[in-house]
Amino acid sequence: MLAPSWEEHATCLANAEEQDMPRVLMDISVKAAVNLQQDAFIVIGRDTRPTSEKLSQSVIDGVTVLEGQFHDYGLVTTPQLHYMVYCRNTSGQYGEATLEGYYQKLSKAFMELTKQTLCSEDEYRSLKVDCANGIGALKLKEMEHYVSQGLSVQLFNDGTKGKLNHLCGADFVKSHQKPPQGMEMKSNERCCSFDGDADRIVYHYLDVDGHFHLIDGDKIATLISSFLKELLLEIGESLNIGVVQTAYANGSSTRYLEEVMKVPVYCTKTGVKHLHHKAQEFDIGVYFEANGHGTVLFSKAAETKIRQLTKELEDEKRKAAAKMLENVIDLFNQAAGDAISDMLVIEAILTLKDLTIQQWDALYMDLPNRQLKVKVADRQVISTTDAERQVVTPPGLQEAINDLVKKYKLSRAFVRPSGTEDVVRVYAEADSQVRKCGPCTC
């Protein structure tokens, strides 16, 4: 993940004319105090899109010309590539920097977590997975046999036909609130959808009346953080746990976490880089965007303490809880949000807690909400503060929003400028269906 301080450098490089590239590169190396005597090592991966192979080769050519070293992992998901970098940057302490190492680490943790709940070969848990016609299908097929004793996965939209993310995948399901095409869903079957590069995941099901139910990143974060809090209570350790959300998180999820589970919740600006950075402040930081992108981070001190407790605790219950937590640490991809890793964590928790997807969904009821975007001449007219939840300019806009919000129970609303196009994004929620917005002018 690119450090925020390097975004300016990346922008300069992207905007540079070809003849100016050497000068821009030297300027960056000076500003960032790069040691040019140190050998560069680049980790490369690509997905299944037709353009990927050519782009990957261009990167290899560029690294070769600049006399750098590289390792080409070929076809990998985005989170797998992050995993490889993390392993290499920790000199192998985080794990083995190979696909086999990735599969082995995750599958061992998953099987250890769920082994006591596996009663017989006839009781395999079954899950239908919409792979968005992306790289996730290929990699999940490779991993399937590693976890086959604990989980049976049935793949749909696996790339053999259909276009990437077209009428399927996590973004489509979340945005349209309906099942992906290409997946046959029966009532009460547990289903999930990856996005095209397999760093996002949402769950969904049809009830007995055929109504579609979406379980997004908010409910994923709630399930995971509740489970972690229960394990910490069982162990008797006071490690601090925090959940990081954005302004788009449904208010019901925030209230459930704070008031029922007594887990502190923090809000950051939209964008996974902001959530990841905030989550690093806790012993255990849980972050998920509503779109299903997220993971859990464990501080080095917390990880060391938990692994130590698995050896030192004599009480069997506390020791078992510590061992579970140790396996959870290994099951998460702490380098980045990872649909495969998150899927295995969720499946393990549902198994251990003996929860159906309907019971998970019923932890709380989402407040009705609406999102829309309004095209404007200049998005920079609007500026925000408080993690994009309060408008600073233009004057009077926040007061107008406040006046509207006062009219409804459990209501809130915010507007924020898009980071990439001249539109303003609008979000509103309340305890009854939010009325359709009239024309907006900015």
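Is Arg416 buried or exposed? Select Arg416 to begin: at 9% relative accessibility, Arg416 counts as buried, where buried means under 20% relative accessible area, exposed over 50%, and partly exposed in between (1.4 Å probe, protein chains only).

The model is predicted, so local features need pLDDT of at least 70 and side-chain atom pairs count only at pLDDT 80 or more, while totals for chains, interfaces and linings use all residues. Residues are numbered from 1 along each chain as its sequence is written, and side-chain values use heavy atoms, with hydrogens and water left out.

**Around Arg416**

Arg416 belongs to strand 15 (residues 412-417); helices (H or I, at least four residues) and strands (E, at least two) are DSSP runs, numbered from the N terminus. Next, display Tyr248, Thr270, Thr384, Glu388, Val424 and Arg425, which Arg416 touches when residues up to four places away in sequence are not counted; contact means heavy atoms within 4.5 Å. The side chains of Arg416 and Glu388 are joined by a polar contact of 3.3 Å. Such a contact is a pair of N or O atoms within 3.5 Å; within protein, one must be able to donate a hydrogen and the other to accept it, and residues adjacent in sequence count only if both atoms are side-chain atoms.

**The annotated site**

Select Glu289, Ala290, Asn291, Arg416, Pro417, Ser418, Gly419, Thr420 and Arg425, where an unreviewed UniProt entry places the feature "binding site". UniProt positions follow the numbering used here, feature names are shortened, and annotations may be inferred rather than shown by experiment. From this set, the lining of the largest pocket takes in Glu289, Ala290, Asn291, Arg416, Pro417, Ser418, Gly419, Thr420 and Arg425. On a 1 Å grid over the protein atoms alone, a pocket is an open set of points where a 1.4 Å probe fits, with protein on both sides within 12 Å along at least five of seven lines; lining residues have an atom within 4 Å of a point. Gly419 sits in the loop between strand 15 and strand 16 (423-429) and, at 63% relative accessibility, counts as exposed.

**Helix 3**

Move to helix 3 (residues 52-65) and colour Ser52, Ser56, Ile60 and Val63, which are buried. They lie on the same side of helix 3, because they cover an arc of only 70 degrees around the axis, taken from the directions from the helix axis to the C-beta atoms. The cover over the buried residues of helix 3 includes strand 1 (41-46) and strand 2 (69-75). On the face turned away from the buried side are the exposed residues Lys54, Leu55 and Val65. Finish at Glu67, which follows helix 3 and has a positive phi, near 60 degrees.
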